[in-house]
Amino acid sequence: MSRSNHRDAWFDERVESYVDGLLPIEELEAFEARLGEDERLREDVSAARLVVSVLRSMPEEECPSVVTDRVLEFARSSESGRGEMTTFGRVDRPAVRRYTPLRLVRAATFVAAACLAIFMLVGKDAATSDAAYSDAEVQRALKEAKFALALVSDAGRDAGRAIRTDAVAPVSEAMNIVLGEPTIPAGRN
Amino acid sequence: MTLEQFESAVLEHRNRVYGFALHFLGSRQEAEDVTQDVFIRLWDNRERIDVDTQLSWVLRVARNACVDQYRKRRTRDNRHDSSVDAASEVAATMEDPDQQIDNEKLRQQIMDSVDRLKEPYKSIVVLREIQDLSYEEIGVALELPLTSVKVYLHRARKMLRETLRSAYGDLLGGASISTSEQTV
């Protein structure tokens, strides 16, 4: 290595220390003197400043509460003897809650069965009886219908969530992969 | 460690672990999975871990889990092996030499460069420059001597600086660099 290259390397090695304000005073004077006459060294200092500036300004990321909720729930149930203590990687550690296709099928089946039951009840009553209904009977029927509709609504919501998680999200993710757009955390955008 | 101590530890360290995993892996879903796994492991090992060493322990486990996850992902998807140099990509987009450096492009460029760092450079950069851990804490977490942490960090920052310099070249030469959020 020539004397000139050696000297360049000496300054190059001190760029990060200079940016951090950690150069000893005797080196600082030499470094700043060189900085005044060396454009490349100035570019290096600017680049080093940019790197730390960007990295240190990254926002703090907040862990979603659902993650800690799952962990704490698992620990509490384990402590109270309701769950089996497991080790990392085994099947019965708390899994990320996902709506499986089985869950989707169950929900869809329940919705269909509930709708069928309502139609059958209404249809049967209409076909077999021509008697006038009392107010109390009408009120009771209305309550039963509301209850059935609430159940259907819950099951429908469950099915909707399952469709979003199992069908829409994977397709969207696959599209990103196909289009070469990897998932980038919002904090970096 | 009691259940109450475990709950305190989870609440105290969750953002640190999640943030580290997120910056390391670049995926929220994977960061969530790693965070969950780290704390399940902490619970599994609660009898053996001293309260004073919790942070370094969870960070060490998080780092190992991230490395494993990263390797699995690279096996599935070798996009990181692309021969396309990100620096030249950025340079190619800057047709106008007078163009100011765009903040988002710059941030993405630097994070992409961090993503390409090898271990332990990458972990050290994330822990020191993004998460603001002390050299001592990083040394304990990664089981490295203090001097090695300093040397690795110095080399990593130099690598990042050189990548940036090769991408932005003359724009760095003493000119102010305007960004959409701030001037850096």
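**Getting to know a two-chain model**

Student: Does B:Glu7 count as buried or exposed, and what is its relative accessible area?
Tutor: A friendly note to start: this model is predicted, so local features need pLDDT of at least 70, side-chain atom pairs count only at pLDDT 80 or more, and totals for chains, interfaces and linings use all residues. Residues are numbered from 1 along each chain as its sequence is written, chains are lettered from A and ligands numbered from 1 in the order in which they are written, and side-chain values use heavy atoms, leaving out hydrogens and water. Buried means under 20% relative accessible area, exposed over 50%, and partly exposed in between (1.4 Å probe, protein chains only). B:Glu7 is therefore buried, with a value of 19%.

Student: Which residue forms a salt bridge with B:Glu7?
Tutor: A salt bridge is a side-chain nitrogen of Lys or Arg within 4 Å of a carboxyl oxygen of Asp or Glu. For B:Glu7, the closest N and O atoms of the pair are 2.7 Å apart. B:Glu7 lies in helix α1 of chain B and its partner in helix α5 of chain A, so the pair joins two chains. That partner is A:Arg76.

Student: Which residue of chain B forms a salt bridge with A:Glu61?
Tutor: The closest N and O atoms are 3.4 Å apart. A:Glu61 sits in the loop between α4 (39–56) and α5 (65–79) of chain A and the partner in helix α2 (residues 28–44) of chain B, so two chains are joined by this pair. The partner is B:Arg28.

Student: How many salt bridges are there over all chains?
Tutor: One of them pairs the side chains of A:Glu27 and A:Arg14, 3.0 Å from N to O. A:Glu27 belongs to helix α3 (residues 25–37) and A:Arg14 to the loop between α1 (3–12) and α2 (15–19) of chain A, so the pair ties together parts 13 residues apart in sequence. Over all chains, the count comes to 19.

Student: Which helix of chain B holds B:Arg161?
Tutor: B:Arg161 counts as buried, because its relative accessibility is 0%. Contact means heavy atoms within 4.5 Å, and, leaving aside neighbours within four places in sequence, the residues that B:Arg161 touches include A:Asp12, A:Glu16 and A:Asp44. Helices (H or I, at least four residues) and strands (E, at least two) are DSSP runs numbered from the N terminus. B:Arg161 is found in the run of residues 146–168, helix α8.

Student: How many helices are there in chain B?
Tutor: From the N terminus on, the elements of chain B run α-α-α-α-α-α-α-α. Chain B has zero strands, and its helices number eight.

Student: At which residue does α1(B) bend?
Tutor: The bend at a residue is the angle between axes fitted to the seven residues ending there and the seven starting there. Just after α1(B), B:Gly26 takes a positive phi of about 70°. The bend of α1(B) is about 50°, at B:His13.

Student: Which residue of chain A does B:Val125 touch?
Tutor: Residues up to four places away in sequence are not counted here. In chain B, the residues touched include B:Val114, B:Leu117 and B:Leu160. From chain A comes A:Leu55.

Student: How many disulfides does the structure hold?
Tutor: A disulfide is a pair of cysteine sulfur atoms within 2.5 Å. A:Cys63 is buried at 4% relative accessible area, and B:Cys66 is buried at 0%. Over all chains, the number of disulfides is zero.
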